[in-house]
Amino acid sequence: MKPVTPARLCLGTSGLGASTDAEVDRLLGAFADRGGHFLELGVGAPEERVGRALVGKRTSFVLGARFTDAATLDQSLQRLGVDSVEVLWVHGWRGGPQVDQLAETLTGVLRAGKARSVGVADAPAWAVMQL
């Protein structure tokens with residue numbers, strides 16, 4: 001697994017849903033040839049295509065995925081054909097008192113080895129501090 005380091009290039013994969021496997025494979029190859037290694041994963045069909053393109057190349061890429069809940073993460077990992085992602089981030093803060101529950105869930109994800117690190121976007125500082 002590639003170390004989690006700042007990426008010179010990051011490729012978002014959510015727009016790859018209509019692409020063929022061959023197109024995704026070529027795109028990832030060209031991306032890597034230009035020094036890219038961080039993939040921000042789209043959900044659904046793009047995950048399946050990216051997963052197939054990563055066969056034999058998994059250690060060359062850092063995978064980042066958005067987190068909504070543990071079940072959705074498990075489905076994403078299955079579609080990708082991988083055991084874990086390097087970066088998992090909570091995106092789209094919903095607010096409310098569920099910070100403790102979210103912290104417990106994310107801790108479980110990290111302990112289970114499904115993610116190496118967790119980030120939070122779009123959340124107030126007070127909520128992040130409670131995590």
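I took rings of Phe, Tyr and Trp (its six-membered ring) as a pair if their centres lie within 6.5 Å, with planes under 30 degrees apart counted as stacked, over 60 as edge-to-face and the rest as tilted. The model is predicted, so I note that local features need pLDDT of at least 70 and side-chain atom pairs pLDDT 80 or more, while totals for chains, interfaces and linings use all residues. Residues are numbered from 1 along each chain as its sequence is written, and side-chain values use heavy atoms, without hydrogens or water.

Aromatic pair. I found 1 aromatic pair by this rule. Phe-38 is in strand 2 (residues 38-40) and Trp-89 in strand 4, so the pair ties together parts 51 residues apart in sequence. Helices (H or I, at least four residues) and strands (E, at least two) are DSSP runs, numbered from the N terminus. I then looked up burial, where buried means under 20% relative accessible area, exposed over 50%, and partly exposed in between (1.4 Å probe, protein chains only). Phe-38 is buried at 12%, and Trp-89 is buried at 14%.

Core. A nonpolar core here is a set of buried Ala, Val, Leu, Ile, Met, Phe, Trp, Tyr and Cys residues joined through side-chain atoms within 4.5 Å. The largest one has 25 residues, of which Leu-28, Leu-39, Val-50 and Leu-88 touch the most other members. I listed the elements that give two or more residues to this core: helix 1 (21-33), helix 2 (45-54), strand 3 (62-67), helix 3 (70-80), strand 4 (85-90) and helix 4 (99-111).

Leu-88 and Leu-73. I counted contact as heavy atoms within 4.5 Å. Beyond four places in sequence, Leu-88 is in contact with residues including Phe-67, Leu-73, Leu-106 and Val-118. Leu-73 sits in helix 3 and is buried, at 4% relative accessibility. With residues up to four places away left out, Leu-73 touches Phe-67, Leu-88, Val-109 and Lys-114. I also checked C-alpha atoms: Leu-73 and Ala-45, 28 residues apart along the chain, are separated by 14 Å.

Helix 2. I found 7 of its 10 residues buried, so helix 2 is largely enclosed by the rest of the structure. Among the buried residues are Glu-47, Arg-49 and Val-50. The buried residues of helix 2 pack against helix 1, strand 2, strand 3 and helix 3.

Strand 5. I placed Val-120 in strand 5 (residues 115-120). Val-120 is partly exposed, at 32% relative accessible area.
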